[in-house]
Amino acid sequence: MEKNTGVTFQVRIADYEVGIKWYEKLFNRQPDFIPHGDFAEWEIVPNTWLQVAKGEPTNGNGPLRLGVEDIENERERLMEVLSTEIESVNTREGVPAAWCSFEDPYGNRIGLYQEL
């Protein structure tokens, strides 16, 4: 590949209706595109899409890490709206980022990161 034109990531959820609502809360908006039943997509940044599809999740997938401007505030917001625990924000000397991870209700691993 000389040049990529986009990226897609797919996670599978066993309960489509409940799972879509969870991802709507995660992104604070409805899907950008629903090409067919039991399949929805969010454009996270230009030409980078998360596809959420009905199906059996793969144990241990991810984490898909999402870049945010204020990791502490976003972590608090998500714990409240998703009613979930998210690990404390991690940092490491020499690493110019902070990060934390959690799971969706189906075991797909998700995380946040902030460039420092």
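With which residue does R75 form a salt bridge, and how far apart are the closest N and O atoms?

A: R75 forms a salt bridge with E76, and the closest N and O atoms are 3.2 Å apart. A salt bridge here is a side-chain nitrogen of Lys or Arg within 4 Å of a carboxyl oxygen of Asp or Glu. This is a predicted model, in which local features need pLDDT of at least 70 and side-chain atom pairs count only at pLDDT 80 or more, while totals for chains, interfaces and linings use all residues. Residues are numbered from 1 along each chain as its sequence is written, and side-chain values use heavy atoms, with hydrogens and water left out.

The two partners can be described by their accessibility. Buried means under 20% relative accessible area and exposed over 50%, with partly exposed in between (1.4 Å probe, protein chains only). R75 is buried because its relative accessibility is 11%. E76, at 44%, counts as partly exposed.

By the salt-bridge rule the count comes to four. One of them joins the side chains of R77 and E74, at 2.8 Å from N to O. Both R77 and E74 lie in helix α2 (residues 71-82), three residues apart, about one turn of the helix. Helices (H or I, at least four residues) and strands (E, at least two) are DSSP runs, numbered from the N terminus. R77 has a relative accessible area of 22%, so this residue is partly exposed.

Another salt bridge links the side chains of E24 and K21, at 3.8 Å from N to O. E24 and K21 are separated by about one helical turn because they are three residues apart in helix α1 (residues 16-27). E24 has 16% relative accessibility and therefore counts as buried.

Now the strands. Two strands pair if DSSP finds at least two bridges between them. Strand β2 (residues 33-36) and strand β3 (residues 39-45) run antiparallel and are joined by two bridges. F33 has E41 in β3 as its bridge partner. The hairpin of β2 and β3 has two residues between the strands, and D38 takes a positive phi near 65° there.

β3 also pairs with strand β4 (residues 48-54), in the antiparallel sense and over six bridges. Here W42 stands opposite L50 in β4. In the hairpin of β3 and β4, two residues again sit between the strands, and N47 takes a positive phi near 65°.
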